[in-house]
2 protein chains.
Amino acid sequence: MNSVVSLADKLALIDGHWAPHIVSRVNGQDVKLVKVLGEFVWHDHPDTDELFLVVSGTLHIDLPETRHTLTEGELFVVPRTVRHRPVADQECHVLLIELAGTLNTGERTDSRLTNPATWL
Amino acid sequence: MNSVVSLADKLALIDGHWAPHIVSRVNGQDVKLVKVLGEFVWHDHPDTDELFLVVSGTLHIDLPETRHTLTEGELFVVPRTVRHRPVADQECHVLLIELAGTLNTGERTDSRLTNPATWL
């Protein structure tokens, strides 16, 4: 963990979409990278806030009553317990910060998109 | 807190160097932006790891026995209790993640560079 991490170098190693990879950890929070495309599933995380920082592309974060749209260099925090759905019309690269051990699909542990994060 | 944050827009509001500003919070961690130039003071944080992500420019992080150099899109975590000194030869913009309430100069509470972070 105690080395310099290049986001671009790590992203180059990631294949596929919606599979988060851990690249660093700070105070029990995982720093993850993920490539996204299309619509994710609606879900929530009861125990963790979730920070989304767009590294490249455009990301929509649908909340129950609104849609937030983030472009490169913009971030948004979904508070714990708030239902949300990330959506990307074109491939988008995202940095996530959330409690270590968080499952990407939250309470939906058996979605086809459920993908436990692994260290990259 | 629950809005989209543009790093560029927030950085444009910051004057001076070594004055961290809080722009978001996730799970009790502050997300801060800071402009740095020159040599900071050697210090440590007994209770918090500290993540540095370079938004623009080049940042050296001196540790007791080594120097790590980060450019745009690179991050490094200084573990709690490890003495360190950030150095930038030219102005550099940095995103920090650390426990809310962390003082920038750590145990050195009376340095001329001591600057409690405020929300931006």
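# Working through a predicted two-chain model

Strand E7 of chain A, residues 74-78, has five of its five residues buried, so the rest of the structure largely encloses it.

**Exercise 1. Work out which residues cover each face of E7(A), and which strands pair with it.**

Step 1: sort the side chains. In a regular strand they alternate between the two faces of the sheet. For E7(A), that puts A:Glu74, A:Phe76 and A:Val78 on one side, with A:Leu75 and A:Val77 on the other.

Step 2: check the burial. Every one of these residues is buried, and both faces of E7(A) are covered.

Step 3: look for a partner within the chain. Strand E4 of chain A, residues 50-56, runs antiparallel to E7(A) and is joined to it by four bridges. One pair to click on is A:Leu53 with its bridge partner A:Leu75.

Step 4: look across to the other copy. Strand E1 of chain B, residues 5-6, is joined to E7(A) by two bridges, again antiparallel. Here A:Glu74 has B:Ser6 as its bridge partner.

**Exercise 2. Describe how strand E2 of chain A is paired and how well it is covered.**

Step 1: start with cover. E2(A) spans residues 21-26, and five of its six residues are buried, so call it mostly covered.

Step 2: take the pairing with E3(A). The two strands are antiparallel and share five bridges, with A:His21 standing opposite A:Leu33.

Step 3: inspect the connection. E2(A) and E3(A) make a hairpin with two residues between them, and A:Asn27 in that turn has a positive phi of about 55°.

Step 4: find the other partner. Strand E9 of chain A, residues 118-119, runs parallel to E2(A) and is joined to it by two bridges. A:His21 turns up here too, with A:Thr118 as its bridge partner in E9(A).

**Exercise 3. Sketch chain A as a whole: what is its element order, and how does its radius of gyration fit a compact globule?**

Step 1: count elements. Chain A has one helix and nine strands, in the order β-α-β-β-β-β-β-β-β-β.

Step 2: A compact globule of 120 residues would have a radius of gyration near 14 Å, and the 13 Å of chain A agrees with that. Its C-alpha atoms fill a box of roughly 40 × 30 × 25 Å along the principal axes.

Step 3: look at burial and contacts. In chain A, 55% of the 120 residues count as buried. Of the contacts with a separation of 6 or more, 64% link residues 24 or more positions apart.

Step 4: finish with the surface. Chain A exposes about 5,200 Å², of which carbon and sulfur atoms supply 49%.

**Exercise 4. Work out how the two copies are related and what sits in the largest nonpolar core.**

Step 1: compare the interfaces. The copies meet through the same surface, because 100% of the interface residues of chain B are also interface residues in chain A.

Step 2: open up the core. The largest one has 28 residues, and A:Val31, A:Leu51, B:Val31 and B:Leu51 have the most contacts inside it.

Step 3: follow one of them. Beyond its neighbours within four places, B:Leu51 contacts residues including A:Ser24, A:Val26 and A:Val31 from chain A, and B:Leu75, B:Phe76 and B:Val77 from chain B.

Notes: Residues are numbered from 1 along each chain as its sequence is written. Chains are lettered from A and ligands numbered from 1 in the order in which they are written. This is a predicted model: local features need pLDDT of at least 70, side-chain atom pairs count only at pLDDT 80 or more; totals for chains, interfaces and linings use all residues. Side-chain values use heavy atoms; hydrogens and water are left out. Copies are superposed by least squares on the C-alpha atoms of residues with pLDDT of at least 70 in both. Contact means heavy atoms within 4.5 Å. A nonpolar core is a set of buried Ala, Val, Leu, Ile, Met, Phe, Trp, Tyr and Cys residues joined through side-chain atoms within 4.5 Å. Buried means under 20% relative accessible area, exposed over 50%, partly exposed in between (1.4 Å probe, protein chains only). The radius of gyration is taken over C-alpha atoms; the globule rule is 2.2 Å times the number of residues to the power 0.38. Accessible areas come from the Shrake-Rupley method with a 1.4 Å probe; for residues, only the protein chains shown count as cover. Two strands pair if DSSP finds at least two bridges between them.
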